[in-house]
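Here are some notes for a reader who is meeting this structure for the first time. They go through it point by point.

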Amino acid sequence: MLPDFASVIPESKEDALAYLSSLKSAKIFAGGTDLLVKMRRGESYSHIVDITRIRDIKVISDHGETINIGALSTHYEISVNQIISEKALSLAQACGWVGSPAIRNMGTIGGNLVNASPAADSLAPLLIHDADVVLESKDGTRRMRLEDFILAPYKTDIQPHEILTFITIKGLPGYREGYKRVTKRAAWAISRLSIAWAIQEKGGFYKDVKLAIGSCTPMPFRPRKVEDSLKDRAKDEKTIQVAVGEIIDEIIKVSGMRPSFVYKIPVVKALLEDILKG
Amino acid sequence: MKKIDFTLNGKQTILDVEDNETLLHALREKLDIKSVKEGCSIGECGACTVLIDNEPHYSCLTLASKVSGHDVKTVEFLGDENLLHPLQEAFITYGAVQCGYCTPGMLLAAYSLLLKNEHPTDTDIKEAISGNLCRCTGYIQIVEAIRNAAGLCKCNS
């Protein structure tokens, strides 16, 4: 059995925020795939606010340059969503790899971000799409960059009375985009490392390159310096070798030389080369 | 305590559940549906799989209070000992059942796939059952059974 708790199941965001501001040790419940596992291991809360009936934070909507992703969208819903597939393919692909079919039907992207596992598949794609998170409480709404929201592995800036309601991303239509991950087995596995990319090229030159590498550094990271240096550079062997070398140096600078790097570094190198060559 | 009103295997069902009660517990202990198994209890093995609105969910990580207004199916929906579903017949024919513990969940994952995809490839089948672990058969027989049942049943009619 789970530890004892009382739950409320509000139908509207306003009701949910009112409950959160009035209850002391209340925990937000969405897909349950992380929270109930933690509760089985002994974490307990006096109150659970089940937000899954709030319809307006379940919707994915296209606003031209940006896309609003309701935090309650499940990984499955994102993986098959047409807007996401057209303008943020790496995110659709990454969400299609999360856990198993049942986990993808249950787990939500908002829950995934609040849990803030450094190996979460959605993180690298969200970073290349310059994701912001929207946090709402009874006192108001704030928006922050995803990179600032996640403070450390499993630690975010969310406050006790807040709900992460939306994630806003920039669409990248027309980019060559994708997500690759390396795992111990083909499915139902946690990423050992992952890369999301979106690349725009013209006439043999890189126009815009966005890369994010997951599970090599404490937080998935974007090698922005290298991205900038690739702008208007000829797409040739030498450019690619130099860029990949600089990214590897940056990873080692951030993480130090980890034991796993004997394996990971050559793999990241080969993946990045493939990706940049396209 | 919450009163839930949902459809279980085609029948409207009204039930009182505790706030902290899982769907797995409610099905087994209050509705006597023992086909839904408790395995790992942390959403990894798939023995507790049920279909909610025809999609596989782990009932061990689903609060019973969440299914109000939804459609829940367990393996009892597929058939009974007098009239088995073609998927169940195929599991017998191809030796896809040994200890049987994973079988209800495996059948539901397969049924959910066939509702969406009448002619799945082996890759589609493996993907669909990737969240259901079987420690006896090695999966080959299960994939064969599902592949052969696919031609025989019109699941979505």
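1. A crossing of two helices is called left-handed if the near helix is turned anticlockwise from the far one by less than a right angle, and right-handed if clockwise. Helices (H or I, at least four residues) and strands (E, at least two) are DSSP runs, numbered from the N terminus. By that rule, the crossing of H2(B) and H5(B) is right-handed.

2. This is a predicted model, in which local features need pLDDT of at least 70 and side-chain atom pairs count only at pLDDT 80 or more, while totals for chains, interfaces and linings use all residues. Residues are numbered from 1 along each chain as its sequence is written, and chains are lettered from A and ligands numbered from 1 in the order in which they are written.

3. H2 covers residues 86-93 of chain B and H5 covers residues 140-150; their axes come within 8 Å and cross at roughly 140°. Axes are lines fitted to C-alpha atoms, for helices over the stretch in contact, and angles run from 0 to 180 degrees between N-to-C directions. The angle makes H2(B) oblique to H5(B) (under 35 degrees counts as roughly parallel, over 145 as roughly antiparallel, 65 to 115 as roughly perpendicular and the rest as oblique).

4. Which residues of H2(B) and H5(B) meet? From H2(B) they are Pro86(B), Leu87(B), Ala90(B) and Phe91(B), and from H5(B) they are Ala145(B), Ile146(B), Asn148(B) and Ala149(B). Contact here requires C-beta atoms, placed from the backbone, within 7 Å. By class, this contact of H2(B) with H5(B) has seven nonpolar, one polar and no charged residues (Ala, Val, Leu, Ile, Met, Phe, Trp, Tyr, Cys and Pro count as nonpolar, Asp, Glu, Lys and Arg as charged, and the others, Gly among them, as polar).

5. Chain A has a helix pair to set beside it. The axes of H11 (residues 237-255) and H12 (residues 261-277) of chain A come within 10 Å and cross at roughly 140°, which makes H11(A) oblique to H12(A). The crossing is right-handed. Among the residues that meet are Ile240(A), Val244(A) and Ile247(A) in H11(A), and Ile265(A), Lys269(A) and Leu272(A) in H12(A). The contact of H11(A) with H12(A) has nine nonpolar, no polar and three charged residues.

6. Chain B is divided into domain 1 (2-77) and domain 2 (86-150), with bounds from an automatic or database domain assignment. Their centres, taken over C-alpha atoms, are separated by 21 Å. Domain 1 of chain B gives 16 residues to the contact and domain 2 of chain B gives 12 residues. On the domain 1 side, S3(B) supplies the largest share, three residues.

7. In helix H1 (residues 23-30) of chain B, Leu23(B), Leu24(B), His25(B), Ala26(B) and Leu27(B) are buried (20 or more other C-beta atoms within 10 Å; exposed is 12 or fewer, and partly exposed in between, with C-beta atoms placed from the backbone). Their cover includes strand S2 (11-17) and S3 of chain B. After H1(B) comes Asp32(B), with a positive phi near 60°.

8. Where is Arg192(A)? Arg192(A) sits in the loop between strand S11 (176-182) and strand S12 (193-202) of chain A. Arg192(A) is partly exposed because 17 other C-beta atoms lie within 10 Å.

Conventions: Two residues are in contact if their C-beta atoms, placed from the backbone, lie within 7 Å.
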